[in-house]
Amino acid sequence: MTALASGLALLPGDMPVWHARTGDGPWLEAAHRAARSGARLVALWGGAGEAHAAYALPEGLVWLSLPCPGESPACPDLSALFPAAGRMQRAMADLCGIAARGAADTRPWLDHGLWPDSRAGRDYPFVRVSGDGVHEIPVGPVHAGIIEPGHFRFSVVGEKVLRLEARLGYTHKGISRRFTELAPEDACRLAGRVSGDSTVATAWAYCMALEAACGTHVPERARWLRALLLERERIANHLGDLGALGNDAGFAAGLAQFSRLREDWLRLSKDCFGHRLLMDCVKPGGVAADLPPQGADALRRQCDRVERELGALRDIYDGHAGLQDRFLGTGRVDPPLATALGLTGLAGRASGIAADLRCDQPWAPYERLDVRMATHRNGDVAARVAVRFDEVAESLRLLRALLDGLPAGPVATPLNTPAENALGAGRTEGWRGEVMVALAFDAQGGRLRFCHAHDPSWQNWPVLEHAVMGNIVPDFPLINKSFNLSYSGHDL
Amino acid sequence: MWRLLRQIARAGIPSEAPPAADDALRQQTQDLAREILHTLGRALAIRVVDAGSCNGCELEIHATANPYYNLEGLGLQFVASPRHADLLLVTGPVSRHMEVALRRTHDAMPRPRLVVALGDCGCTGGIFGEGPATCGRVSNVIPVDVAVPGCPPEPRAILQGILTAVQRNVHKRGLG
C-alpha cells in the first residue's frame with residue numbers, strides 16, 4: 001500500500017481509502033507501480049484545479065491528487081499504462097482544462113463544441129477505415145429502439161464489422177458542476193440520477209463518501225436495509241436484461257416472461273420502499289424509511305417465487321437451440337484482452353476477471369454474508385447471460401440472509417458538520433460493476449468543492465468496440481445489450 | 001418447446017385494464033383503442049427520444065410494453081423512425097448536445113403530430129435544471145402538448161399521458 005506513493009493518509013469511513021497529494025513524478029511512478037502490481041484504475045477525473053486518480057488495491061482504494069496550476073494546466077499521461085484512462089483524461093481536459101501531456105489521443109470527448117466556453121470544434125475527427133469494399137454505417141444519436149443517445153460509427157465489409165468507434169457525451173448534463181451548486185445533503189438526489197438504473201448503487205456510494213467526510217456513523221439497520229435495496233436493484237436489472245437479451249436474439253417469449261417477473265419485482269419495491277426503482281430510498285445518514293411490518297414476509301415469498309420461475313426460464317434459455325446459436329461465441333472478449341483493457345464489473349467477471357467488491361472488500365453488512373462471486377471464462381454474450389443468471393440466484397440468497405439477520409434499531413442518523421476541506425470516498429458494487437464517488441468540501445465546510453460520481457461504464461465502453469470486431473452488424477444490438485452500459489452515467 | 005409452452009400456460013395472461021385518460025382534460029368517456037383505430041385506421045405510432053435523461057424514464061417506458069400494461073393491445077406502438085410517428089415521446093432535460101437531434105426528429109415527423117414530455121426533467125428540467133450544458137424542459141426546445149410529471153412517471157402515468165394527448169387532439173384537430 002505505502003509502496004504506491006508516499007504520504008498516504010487513511011481517510012475515515014466504511015471503506016479503506018488512502019489519500020495523498022503528489023507531484024508529477026510520483027503521480028507517474030504510482031501509476032507504474034499500480035500497473036505492475038495488477039491494481040485496477042477505478043477512476044480518473046479533474047476537480048478544483050487538480051487531477052485525481054483512484055486505484056483499487058487488495059487492501060483498499062488509493063486516491064491520488066495532483067495539483068495542476070498555471071496557464072495551461074497539464075498532468076502526465078496514464079493511458080499508455082491503463083487504456084481506460086484515455087477517455088477519462090479527454091473528459092478531464094473538456095471539463096477542467098487539465099490536459100494529459102503526451103497522450104496519443106487528445107480529441108475532445110464530452111465537449112461537442114456547443115457550450116458557451118467550448119474549446120472543441122463541431123466536427124469530430126473519426127478514425128477512417130479505408131480499403132476495397134469498406135463502407136461506413138453511422139448510427140445515432142437517436143436510435144431506432146428505446147435506448148439512450150450515442151453515436152456509433154461502424155466500418156464494415158459486407159456484414160462484417162471491421163471497426164466500431166463510439167462517440168458519446170450526448171447526455172452530458174453538467175452533473176459534476178451541479179453537485180457543487182446543490183446543498184450536499186440534497187445532492188444525494190442528483191447522485192441517484194447519475195444513472196437511473198444504478199440509483200441505489202450511486203446514492204449509497206455518494207452517502208458513504210459524504211458520511212466519511214462528515215465523520216458520521218450510520219446505524220446498523222440502515223446498512224442492512226441499504227444492502228437489501230442494492231441486491232433488489234441488481235435483480236431488477238438482471239431480470240430486465242435477461243428478457244431483453246432473449247428478445248434481441250428473436251425470442252420474444254423470453255422478454256414477456258422476464259418483464260412480467262420484473263414488473264412484479266418493481267411493484268413490491270414500491271409497496272415496501274415507496275419507489276419502483278428505489279430512487280431516493282438511500283439518503284445521507286441512513287435510509288428514507290423502514291421496512292413496513294409485513295414487508296419482510298412479502299419479500300421472502302417473492303424470493304421463493306422468482307427462484308422457481310428463474311429455474312424454469314434458465315432451462316428454457318439453455319435448451320433453446322436458436323437462442324444459444326445467437327449467444328455462443330458472439331461478442332467475445334477473451335480474458336487476456338479483458339485484462340489488458342481493464343474490463344470491469346459484470347462484463348469483466350464474464351471474461352474471467354474475478355473482481356467483485358462485495359467479495360474483495362466486503363463492507364458492512366457484506367462482511368457477514370460471504371458473497372459467492374459468479375465468473376465465467378468465455379467472455380461472450382452467453383457468458384454474460386450465464387453470469388446474470390448466477391448473480392440473480394446469489395442475490396436471492398443474500399436477500400433472504402439480509403431479511404433473516406436484519407438488526408433492530410433506528411434507520412437514520414443526522415449528519416455531523418464536516419471539517420473544512422474534508423475529503424470522502426465511497427464505493428459499492430452496483431449491478432453493472434464498481435461505482436465510486438469521491439468528493440471534497442470547501443473551506444467553509446458548507447458546499448462541495450467537487451464531486452465525481454464514477455460509473456463502471458467508463459471502463460467498459462471502449463471494450464465494447466473490441467467485442468464487436470469481426471461480428472456481423474445485426475449482432476451489435478445483442479452484444480451492446482449484453483454489456484448494457486450507461487450513457488448518462490458516463491456522459492455526466 | 002414443451003417447457004416453454006408449459007411456462008407460458010402457467011404464467012397465464014396478466015394484462016390489466018388500461019388507465020382512463022386524465023379526467024381533468026377529458027370531454028367524454030370513450031373507448032380509446034376503438035377511437036384510435038377509428039380515427040387512424042391503425043395503431044398510434046410513437047417515437048421515443050431520450051434527450052438527456054438518466055435512463056430512469058426509459059426503464060418505465062419499457063415497462064409499458066410488458067404483459068401487465070400491454071401497450072400494443074391498446075392500439076399503441078413504438079416505431080423506429082420519426083417519419084412513421086404520430087406522437088413523439090421525449091424524456092430528459094434536453095442536453096445541449098441533443099437539442100439539434102431533438103429538433104430534427106420533430107421536424108421529420110408528418111403533420112399533425114403530438115409531443116408528450118415525460119418526467120420531472122421533461123416538465124421542468126428536474127434536478128439538473130438549466131445551465132450551460134442543459135436547455136432544461138422539453139418545451140424550451142419544441143412545442144409540447146402534454147407533460148407528464150414523475151421521477152420517473154410510473155407506467156400507468158405514461159400511458160395516461162399518451163392517451164390524454166391522443167384523446168384531446170382527436171377532438172381538437174382530428175389526428176390523422
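This is a predicted model: local features need pLDDT of at least 70, side-chain atom pairs count only at pLDDT 80 or more; totals for chains, interfaces and linings use all residues.

Take Arg305(A) as an example: it sits in helix α8 of chain A. With a relative accessible area of 38%, Arg305(A) is partly exposed.

## A nonpolar patch on chain B

Chain B also has a nonpolar surface patch, made by Met1(B), Leu5(B) and Ile8(B), with about 330 Å² of accessible area together. Met1(B) belongs to the segment before α1 of chain B. How much of Met1(B) is accessible? Its relative accessible area is 71%, so Met1(B) counts as exposed.

## Covered elements in chain B

Now for the inside. Helix α3 of chain B (residues 56-64) has eight of its nine residues buried, so the rest of the structure largely encloses it. The buried ones in α3(B) are Gly56(B), Cys57(B), Glu58(B), Leu59(B), Glu60(B), Ile61(B), Ala63(B) and Thr64(B).

Strand β3 of chain B (residues 87-91) is mostly covered too, with five of its five residues buried. Which residues of β3(B) lie on each side? Leu87(B), Leu89(B) and Thr91(B) are on one side, Leu88(B) and Val90(B) are on the other, and both faces are covered.

## The strands beside β3(B)

β3(B) has a parallel partner in strand β1 of chain B (residues 44-50), joined to it by five bridges. In this pairing, Val48(B) stands opposite Leu89(B).

Strand β4 of chain B (residues 114-118) pairs with β3(B) as well, again in the parallel sense and over five bridges. Here the bridge partner of Leu89(B) is Val116(B) in β4(B).

Side chains of opposite charge can pair when their charged atoms come close. Over all chains, a search of the whole structure turns up 46 salt bridges. One of them joins Glu309(A) to Arg260(A), with the closest N and O atoms 2.8 Å apart. Glu309(A) is in helix α8 of chain A and Arg260(A) in helix α7 of chain A (residues 252-273), so this pair ties together parts 49 residues apart in sequence. Arg260(A) counts as buried, at 7% relative accessibility.

Asp304(A) and Arg400(A) also meet through their side chains in a salt bridge, at 3.1 Å from N to O. That pair links distant parts of the chain, 96 residues apart: Asp304(A) is in helix α8 of chain A, while Arg400(A) is in helix α13 of chain A (residues 381-405). Asp304(A) is partly exposed, at a relative accessible area of 36%.

Next come Arg326(A) and Asp475(A), whose side chains form a salt bridge at 2.9 Å, N to O. Where do the two partners sit? Arg326(A) is in helix α9 of chain A (residues 321-327), and Asp475(A) is in the loop between α14 (457-468) and α15 (476-483) of chain A, 149 residues apart. Arg326(A) counts as partly exposed at 25% relative accessibility, whereas Asp475(A) is buried, with a relative accessible area of 10%.

Finally, salt bridges with shared partners connect Glu231(A), Arg234(A), Arg349(A), Asp356(A), Arg358(A), Glu391(A) and Glu429(A) into one network.

Terms used: Residues are numbered from 1 along each chain as its sequence is written. Chains are lettered from A and ligands numbered from 1 in the order in which they are written. Side-chain values use heavy atoms; hydrogens and water are left out. Helices (H or I, at least four residues) and strands (E, at least two) are DSSP runs, numbered from the N terminus. Buried means under 20% relative accessible area, exposed over 50%, partly exposed in between (1.4 Å probe, protein chains only). Two strands pair if DSSP finds at least two bridges between them. Patches are made of residues with over 30% relative accessible area and no salt bridge: like charges are joined within 9 Å, nonpolar side chains (Val, Leu, Ile, Met, Phe, Trp, Tyr) within 5 Å. Accessible areas come from the Shrake-Rupley method with a 1.4 Å probe; for residues, only the protein chains shown count as cover. A salt bridge is a side-chain nitrogen of Lys or Arg within 4 Å of a carboxyl oxygen of Asp or Glu.
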